Amino acid sequence: MKMDSIASEMGQMAGTSAAKALFGMAPEELREVAARMGLPKYRATQLGEALYKQRAVSVQEIATLPLEVREGLAAQGYTVGLPEIVQAAKSVDGTERYLVRMTDGETVETVWMPGGDGGERGDGSEAAVEQEGEFGDAEDAVEARTQKQIPPLRYGMTNNLAGMTNNLAGMTNNLAGMTNMGDCGTKDGYKRATICVSSQVGCAVNCQFCLTAKLGMRRNLTAGEIAGQVAAVLNRQRVRIGSGRGVQTPSRINLVFMGMGEPFLNYDAFMHSVHLLRAMGIPESRMTVSTSGILPAILQFANEPVRPKLALSLNASNDAVRERIMPVTRKWSIATLLAAVRSLPLGKREYVTFEYVLLGGINDQPQHAREVLALLAGMKAKVNLIVWNPGPGIDFQQPTPADVAVFHRMLIDGGIPTFTRRPRGRDIYAACGQLKRTTVPEPLVEIATG
Ligand code: SF4
């Protein structure tokens, strides 16, 4: 089945393109623009470097182009067309949530997590190896963490944060932040940061524990709008990559495609954005895409010569439970999804991440942990456990600390590297599943944009 028909079937609306936005164009498109204006090819190269390396925000500031070329582009209606950060809120933990407006006025949310979210840990990527370097060899470090992690402590931290902020919204299968164990300090406080990127305005998948699902599906983002969120955030944070603008802090940027939307229902734009982001100097090894389980896209992804790492939102140990909380399971069973995931050619140190939102009394009991272990037997898998929080209009129970601890311990004892995450930015509605274009209430702090 073709991806576009699947998207249509799931109620997805066609994407709209920003009119004459240069950001998002592939090299051949930029050459076409240059050719239409009677410019030599090297002008297209300069244009591409200004857009993706220097992250120019306006045609007028592209100093490598002569004034008459810039004026010609403007006269023909070309703009850089980067999404614009129109609202921002900062968490007590340093996380910043941005409302990002596209040129047609639609908005999505993008999250900046200084210190990283830990999502790359243990997945064997270059980024993970760098992180693990702080602890020694990557595989040793996975093993060490496996032995040392103490679920009750982490869960306690989660509860403290929840209690402190007392704002309750749902959490999703997506990555939330992690503890600070990898947060190696610098004079600026951190060496790495993670950006959580949205792929659609709203979402059609309708996971029952997710606030984003409440928005419904509005439209796909274009590749330029997906990568443009990253450019907008990096510009705001003045992060320099390579020869681009800004300062060299943090030195490592990781991306997680786990914001609003299902990236694999916007597959072509998502994959195009990966190439744009690589052109911006961020290697695919530092990107992780999370899917609710769109089978044809997983199979297509497995054949991509260049791809981010994969995270599957499992969230249940059997189809009956998963169907209840993730209706998409009626279309593709856990078994078919895992068979597809097993077809993914993994790098030597690469793991597939399985996200698992713990819902009290639904999927958090010892028999569920045993089923998860059976499902993942023989796989190079790691599990991120995410403790769900109650949210308005979402009818689930929070798991008890004891159940979380037992579940975590059972997976570790079963040989699966397992991490129980505490969310980043929950107080500003920036944690997983909280991205609903939420207006931040008092006493949360709005910070200046721009
Ligand atoms: S959890 Fe992800 S896939 Fe599911 S409804 Fe929310 S945004 Fe969509």
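# A walk through the fold

Let's start in a loop. Asn-315 sits between strand E9 (309-313) and helix H11 (319-325). Asn-315 has a positive phi of about 65°, although it is not a glycine. Is Asn-315 buried or exposed? Asn-315 counts as buried, because 28 other C-beta atoms lie within 10 Å. Keep in mind that this is a predicted model.

Find Asn-206 in the loop between strand E5 (200-202) and strand E6 (217-220). Asn-206 counts as partly exposed, because it has 17 C-beta neighbours inside 10 Å. The cut-off for buried is 20 or more.

Ala-204 has 20 other C-beta atoms within 10 Å, so it is buried. How far apart in space are Ala-204 and Lys-214, C-alpha to C-alpha? The answer is 9.3 Å, with the two residues 10 apart in sequence.

Let's step back to the whole protein. The protein has 14 helices and 12 strands. Of its 450 residues, 52% are buried. Now take contacts between residues at least 6 apart in sequence. Of these, 75% join residues at least 24 apart.

Next, the core. In soluble globular proteins, nonpolar side chains tend to be buried together. Here the largest nonpolar core has 112 residues. Which residues touch the most other members? They are Ile-195, Phe-209, Val-230, Leu-255, Leu-277 and Leu-358. Helix H8 (residues 223-237) gives the largest share of this core, eight residues. The core also draws at least three residues from each of domain 1 (19-75) and domain 2 (84-428).

Pick out Val-230 and look around it. Leaving aside residues up to four places away in sequence, Val-230 touches Ile-195, Val-197, Leu-255, Leu-277 and Met-280.

In E4, Arg-192, Thr-194 and Cys-196 point one way. Ala-193 and Ile-195 point the other way. Both sets are buried.

Which strands does E4 pair with? One is strand E3 (residues 107-114), antiparallel to E4 over four bridges. There, Met-113 has Thr-194 as its bridge partner. Another is strand E7 (residues 252-257), parallel to E4 over five bridges. In that pairing, Ala-193 stands opposite Ile-253.

Here is another strand pair. Strand E1 (residues 84-90) and strand E2 (residues 96-101) run antiparallel, joined by six bridges. Glu-84 in this pair stands opposite Arg-101 of E2. E1 and E2 make a hairpin with five residues between them. Gly-94 is in the turn, and its phi is positive, about 95°.

Now for two helices. An α-helix has 3.6 residues a turn, so residues three or four places apart point the same way. First up is helix H10 (residues 295-302), where Leu-295, Ala-297, Ile-298 and Phe-301 are buried. Where do they fall around the axis? They sit within an arc of 160°, so they line one face of H10.

The next helix is H14 (residues 401-413), with 13 residues. From first C-alpha to last, H14 reaches 18 Å, close to the 18 Å expected at 1.5 Å a residue. Which residues of H14 are buried? Asp-403, Val-404, Phe-407, His-408 and Leu-411. They cover an arc of only 130° around the axis, which puts them on the same side of H14. What does the face turned away from that buried side carry? There we find the exposed residues Ala-402 and Asp-413. After H14 comes Gly-415, with a positive phi near 95°.

To recap, come back to strand E4. E4 is parallel to E7 and antiparallel to E3. Its Ile-195 is among the residues that touch the most other members of the largest nonpolar core. That's the tour. Thanks.

Definitions and conventions: Residues numbered from 1 in each chain as written. Predicted model: local features only at pLDDT ≥ 70, side-chain atom pairs only at ≥ 80, totals over all residues. Core = buried A, V, L, I, M, F, W, Y, C linked by C-beta atoms within 7 Å. Buried ≥ 20, exposed ≤ 12 C-beta atoms within 10 Å, placed from the backbone. Helix = DSSP H or I, 4+ residues; strand = E, 2+ residues; numbered from the N terminus. Domains from an automatic or database assignment. Contact = placed C-beta atoms within 7 Å. Pairing = 2+ DSSP bridges. Arc of directions from axis to C-beta. Expected span 1.5 Å × (residues − 1).
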